[in-house]
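Work through the following exercises with the sequence and the structure open. Each task is followed by a solution in steps.

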Amino acid sequence: MRRTFFLLLFLQLVLIACTNSESAASDEEVPEEIYPVIPEPSDSLLQDSLLRDSLIKDSLLKDSLARIDSLARIDSLFKARELILIHANDLTVELGTNLPDVRVNERPAMKVKFNYDFYVSRHEITCSEFNALMKPAAGLVLECTSEKLPAVNLTFYDAVLFANERSKKEGLDTAYTYLAKSFDSEKHCVNLEGFAYHPEIESYHLPTEAEWMLAAKSNWNAKKAWTADNSEYKLHPVCSMAGEDELCDMMGNALEWVNDWFGNFRDTLVMNYVGSPDGGALAQRVVKGGSFRNKATSISMHSRGDVYSVTSSTRGDYVGFRLVFGKIPDALWMGSSGRAASSRITPLANSSSVYAHTNTYKAKLAFRNDVSGNIAFIDYSNGTLSVVEIIDSIDAYHPDISPDGSHVAFSTMYEGLDGKSAVYVRDLNEEGSNLVKLDVESAAIPRWRVLESGDTAIVYVTSAGNNKDEAAFRSTSTWQVVFANGKFGTPQKLFDGAFHGGISADDRLAVSGARLLRARVNDHDTVWYNGEQACNVSLSKDGSNRTLFLDFGSSTGRKFAGGRYATHERLFVTDSLGNLIQSFRAPAGHTFDHTEWAGNMNLAVASLVNANGSHRKIVLLDLQDSSFTELAEGDELWHPNMWAYSEPLITGGSSIKVDSAGVYFTPQGSTASIILRYKMELLWKFKDTANVAIFGSSRPLDAIAPLGLDTSFFALNLANVPNMMATSDYLLTNYVFPHFKKLKYIVVALDIDLWYHSEDGPYNFFSLEYANYPGFVYDKNHDFWKDSVPEELARLTEESLGLEAYQERFIAPRGYNYEPPGNWETVPSVDNDSTWMRELSENYYASFKHLVNILKMAEERDIFVVGIIFPQSPAFKETGSFGRYGIRRSEAPALIEEIKDLEQKYPHFRLWDENKMGDHDYTDEMAFNEDHLSYLGAIQLTTRLDSLLKKLDK
């Protein structure tokens with residue numbers, strides 16, 4: 001009320017001044033649009049507004065007052081929402097660090113400058129706040145022991161949907177858009193297809209890493225943070241150690257999602273940074289601030305991750321979020337190339353959506369980014385979709401992907417323009433390696449084809465210009481050149497005329513369009529479509545010899561379509577004789593451009609042009625059901641070309657379901673599923689060869705290199721993350737024991753400090769999560785193929801969706817994961833209450849029981865089992881904890897001895913303790929972190945394992 005009194009007093013003084021002026025009075029209403037479209041806050045200042053308006057008549061004064069009132073309303077609203085204004089304009093914050101002993105993805109330090117202000121949540125979103133919005137919106141209810149606890153155990157997409165709901169509730173546009181949502185069995189959102197963030201929208205969003213860092217910079221206080229030092233390893237109510245109106249819990253309590261994909265930093269200064277444009281090869285997200293599980297000394301502002309890789313579908317009972325309100329003008333993204341961009345290209349359809357039309361995950365889309373002039377592409381065989389742009393100074397048009405999907409040809413001139421042009425071929429990868437130029441005077445609009453001889457060739461024309469003038473058209477010609485082993489052969493002229501729309505496999509039809517729809521039929525030239533204007537002509541590659549094209553609203557097209565339409569608003573298809581057989585209208589508000597057949601399928605790709613003439617989207621048109629699938633969105637996307645693997649995966653009339661068999665990963669898959677996807681590929685591929693199988697968590701994953709064993713041992717490292725004994729037991733019982741006919745040795749991790757997990761919890765992939773992936777369900781429904789493994793299963797698994805980065809990481813080293821040297825961390829983090837054995841002994845002995853089950857099955861088959869306790873930081877000796885996740889040091893020896901006693905009952909079992917209660921000989925450089933080995937440690941451990949296995953063999 002005091003604030004209201006002074007404001008009214010000020011208004012009265014202004015009113016007195018105004019009555020002495022000669023300004024004319026006005027009875028106009030204050031324009032409503034001055035106010036933000038948000039609910040009325042219950043503030044006395046607003047209740048006095050009617051009295052004020054009845055006293056004040058001057059329109060100019062009223063306009064000023066309305067603006068004052070608007071700001072007051074905003075301040076009132078944000079205070080009610082517990083948002084704090086961050087005066088960021090003209091400030092700079094540093095992301096990352098130059099410290100030498102941090103993770104490589106946290107270096108170097110990069111400066112980010114702001115030219116805007118923003119509001120940030122005073123605290124992490126609470127459980128009650130989350131449930132109040134998300135229960136009615138999505139049916140998602142988090143379990144909370146207290147309403148004031150941070151909302152945790154939710155995915156990045158759950159947080160995004162909450163931000164959208166908050167914006168919608170207040171009558172605002174949303175910062176996040178998407179095409180479709182996918183949920184798991186617990187109603188958590190695990191994927192948003194076509195997900196895009198729009199920083200220019202003023203609304204609620206997750207803080208960018210830069211925004212989070214700036215807010216944390218002046219609110220980082222270990223004395224007011226819930227960490228492992230004082231939290232009793234549990235969440236606490238938000239702001240329970242903070243003063244009134246104080247930004248709290250930036251450090252500790254719950255780890256926090258931020259908005260950014262996990263990109264790399266550069267030693268530079270950038271403005272309004274919003275992260276990487278996409279998730280890159282690993283699709284990782286940034287999380288900040290540490291949690292109640294971490295010691296204060298192990299939490300740093302520059303840290304960006306968690307113990308394991310964090311993706312958009314990851315959930316953790318210690319990961320929450322807070323929100324930011326505002327918009328980011330002139331936002332800047334920076335990809336892995338280090339090139340900053342104020343615009344980006346967003347993949348829309350995921351791999352599964354493309355698969356639904358192409359029947360293969362082996363598909364690629366290439367196109368021209370007209371903003372940069374570069375070729376960009378999307379690889380749908382990679383589960384995490386990213387747009388890869390080949391950075392070059394060559395202006396590239398009309399990309400065409402080779403029949404094997406590994407190269408792309410392009411020209412330096414586009415359809416409709418005269419002049420000299422060049423044709424190039426390069427590898428279709430991020431580097432655009434092995435660039436080769438066709439050495440001729442002029443070549444344009446290349447198209448690949450496979451000759452009867454089996455050779456791969458490129459058809460090109462000498463000019464991409466207008467074909468309306470007969471004499472000019474005759475002065476051009478169409479050529480063909482073989483491309484093999486990275487080199488062009490000798491070009492051969494096919495015929496006069498620039499038929500750049502394509503040539504049929506039997507050479508009996510060629511088409512062209514750049515004003516007229518010209519065709520060469522059985523060596524005779526003709527003009528189709530009644531000589532009316534046409535362009536963007538493309539000949540099908542499926543043997544039907546259909547031609548698709550665009551026109552300019554001509555009478556022939558209107559007659560066929562049954563009505564008027566705008567230029568390029570309809571796509572037409574002719575049969576092999578030039579007769580119109582189909583017509584498709586562009587989506588509302590758009591027209592087509594740059595239409596092309598997609599591979600040898602009944603599909604077409606096209607750019608969609610909006611009312612302003614901008615080529616904003618690329619779509620896939622299914623000519624069978626007339627459906628459109630949006631593939632990508634950006635500022636100017638030209639000349640799309642789509643390739644799909646055409647050879648059928650299954651032959652011989654097999655009844656196996658290709659959309660289920662071997663599909664162990666989906667676009668919304670977790671880190672656990674992508675690791676297991678490649679372990680399953682190894683499993684099926686080498687089931688008849690392997691005699692050593694390694695199981696367990698990330699510790700054996702990083703510590704045992706199969707290729708480091710003697711050649712008499714053919715080992716597979718099948719360890720996965722996260723893992724507990726129940727997971728290893730499931731894999732051994734259902735897959736390995738039934739199918740590994742040469743198996744002689746099992747190596748299993750005895751991570752006793754992790755045995756506090758429940759066997760039906762998130763650390764056991766096969767308790768709940770496996771049901772999200774068709775391959776595992778299909779295997780279970782067929783009794784894990786114990787009677788007979790389908791011949792195609794290994795191949796289907798290899799061809800199924802995955803992530804290229806994980807394939808490179810795991811397949812060649814047979815499942816081993818290389819980690820560079822780090823250190824043991826002299827102050828290691830104890831991420832769990834070390835006294836957990838008192839309350840969770842049932843969980844511990846459930847894992848113990850799974851170990852016993854493995855030993856029983858191995859004993860029946862004369863298979864040796866080596867149980868390894870892996871080395872952890874020697875500094876745990878100073879903590880009172882056995883290892884990273886607890887068990888009191890006083891309890892550990894008796895528990896280890898209990899496992900050791902199993903050797904008496906199961907003669908094929910050997911306990912191998914490489915930790916020795918911290919008194920091991922693994923040096924600092926042999927460590928990756930406090931409980932994992934680097935590759936140097938892996939060399940030592942693998943060498944010792946080799947000796948042990950040889951002794952067992954004797």
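**Exercise 1: an open sheet**

Pro347 stands opposite Ala632 in S40. The model is a predicted one.

Task: Find the strand that S17 pairs with, and state in which order the strands of the open sheet follow one another.

Solution. 
Step 1. S17 is joined to strand S40, residues 627–633, by two bridges, and these strands run antiparallel.
Step 2. Extending the pairing gives an open sheet of five strands in the order S17-S40-S39-S38-S37, with antiparallel pairing.
Step 3. Strand S17 (346–347) and strand S37 (591–597) are the edge strands, since each pairs on one side only.
Step 4. Helix H8, residues 351–358, lies across strand S38 (603–609), strand S39 (615–622) and S40. Relative to S40, H8 runs at about 140°.

**Exercise 2: a hairpin**

Task: Describe the pairing of S25 with S26, and identify the residue with a positive phi in their hairpin.

Solution. 
Step 1. Strand S25 covers residues 444–450 and strand S26 residues 456–461. Five bridges join these strands, which run antiparallel.
Step 2. Opposite Ala444 stands Val461 in S26.
Step 3. Five residues lie between the strands of the hairpin, where Gly454 has a positive phi near 95°.
Step 4. As for burial, S25 is mostly covered, with six of its seven residues buried.

**Exercise 3: a covered helix**

Task: Determine how many residues of H7 are buried, and list them.

Solution. 
Step 1. Helix H7 spans residues 209–217.
Step 2. Taking under 20% relative accessible area as buried, eight of the nine residues of H7 qualify, and the helix is mostly covered.
Step 3. The buried residues are Glu209, Ala210, Glu211, Trp212, Met213, Leu214, Ala215 and Ala216.

Technical notes:
Residues are numbered from 1 along each chain as its sequence is written. This is a predicted model: local features need pLDDT of at least 70, side-chain atom pairs count only at pLDDT 80 or more; totals for chains, interfaces and linings use all residues. Side-chain values use heavy atoms; hydrogens and water are left out. Buried means under 20% relative accessible area, exposed over 50%, partly exposed in between (1.4 Å probe, protein chains only). Helices (H or I, at least four residues) and strands (E, at least two) are DSSP runs, numbered from the N terminus. Two strands pair if DSSP finds at least two bridges between them. Contact means heavy atoms within 4.5 Å. Axes are lines fitted to C-alpha atoms, for helices over the stretch in contact, and angles run from 0 to 180 degrees between N-to-C directions.
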